[in-house]
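This report describes a protein model through its contacts, its aromatic rings and its helices. Please keep the sequence and the coordinates at hand while reading.

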Amino acid sequence: MADRAGADVWIYRGTFVLIAVVLFFVRLLPLGSEAGHWPGPDLLVGVILAWVMRRPDYLPVWLIAMVVLTEDMLLMRPPGLWTALVVIAAEFLRGRVALTRELNFAVEWLLAAALILGLLLAYRLIFAATLIPQPGFGFALVQAIGTVICYPVLVIFSQMVLNVHKPAMGEVDARGRKL
């Protein structure tokens, strides 16, 4: 029984990496690259937040860091900055998993929205402090709002298709620890 539960965790980790690879591929496709088009949402951040709120054991910190650092390299962002911010947001949620288990979806959505906007502001403030040129604030804000709007879709996809759900009261992991 414990071997099956441990295998499930690795299956979900592999599924997350597969989702990330698909998102990388789609993001690198030269679609809609003309100037003036709306930026798309950051679906990877939405998936990370949704999964960490539901099953933090599926996404260890090293996996989040590895995937987001790979995204930094592929999108030619400053390596490690967005990774560090996303890891901090994920660990903030992981430390409050007992609280988020009891939240209804509206409050969870507000928490995710606050984290996404906090990530945006922190990223922009660090860029401003180091005098690195950055795209317009409006485009970054539209991307953050798009991510917030897509969050419920990502949660529904995670729950209905991938069966990533919040643990029930008294549910234990592969080692018998409470989730």
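## T15 and its contacts

Apart from neighbours within four places in sequence, T15 is in contact with W51 and L162, where contact means heavy atoms within 4.5 Å. T15 is found in helix α1, which covers residues 2–28; helices (H or I, at least four residues) and strands (E, at least two) are DSSP runs numbered from the N terminus. Although T15 and L162 are 147 residues apart along the chain, their C-alpha atoms are separated by 8.7 Å. A polar atom of the T15 side chain also lies 2.8 Å from the backbone oxygen of I11.

## Basis of the values

The model is predicted, and local features need pLDDT of at least 70, while side-chain atom pairs count only at pLDDT 80 or more and totals for chains, interfaces and linings use all residues. Residues are numbered from 1 along each chain as its sequence is written, and side-chain values use heavy atoms, with hydrogens and water left out.

## The chain as a whole

The protein chain has 7 helices and 0 strands, in the order α-α-α-α-α-α-α along the sequence. Of its 179 residues, 39% count as buried, that is, under 20% relative accessible area with a 1.4 Å probe and protein chains only (exposed is over 50%, partly exposed in between). Among contacts between residues at least 6 apart in sequence, 71% join residues at least 24 apart. The accessible surface comes to about 10000 Å², and 74% of this surface belongs to carbon and sulfur atoms; the areas come from the Shrake-Rupley method with a 1.4 Å probe.

## An aromatic cluster

Rings of Phe, Tyr and Trp (its six-membered ring) pair if their centres lie within 6.5 Å, with planes under 30 degrees apart counted as stacked, over 60 as edge-to-face and the rest as tilted. By this rule the count comes to 9 aromatic pairs. One of them is stacked, because the rings of Y12 and Y58 have their centres 4.3 Å apart and their planes at 10°. This pair links distant parts of the chain, with Y12 in helix α1 and Y58 in the loop between α2 and α3, 46 residues apart.

Y12 counts as buried at 14% relative accessibility, and Y58 is buried with a relative accessible area of 6%. Y58 also forms an edge-to-face pair with W51, at 6.5 Å centre to centre and 70° between the planes. W51, at 0% relative accessibility, counts as buried. Ring pairs link Y12, F16, W51 and Y58 into a cluster.

## Helix α7

Helix α7 (residues 137–161) has 25 residues that should span 36 Å at 1.5 Å a residue, and its end C-alpha atoms are 35 Å apart, which agrees; the expected span is 1.5 Å times one less than the number of residues. A kink of about 40° lies at C150, shortly before the proline P152, the bend being the angle between axes fitted to the seven residues ending there and the seven starting there.

The buried residues of α7, among them A140, A144, Y151 and P152, pack against α2 (43–54) and α6 (105–129). After α7 comes N163, whose phi is positive, near 60°.

## R77 in a loop

R77 lies in the loop between α3 (61–74) and α4 (81–94), and at 16% relative accessibility R77 counts as buried. Its contacts beyond four places in sequence are with R27, V68, E71, D72, W82 and Y123. The side chains of R77 and D72 make a polar contact at 2.9 Å; such a contact is a pair of N or O atoms within 3.5 Å, where, within protein, one must be able to donate a hydrogen and the other to accept it, and residues adjacent in sequence count only if both atoms are side-chain atoms.
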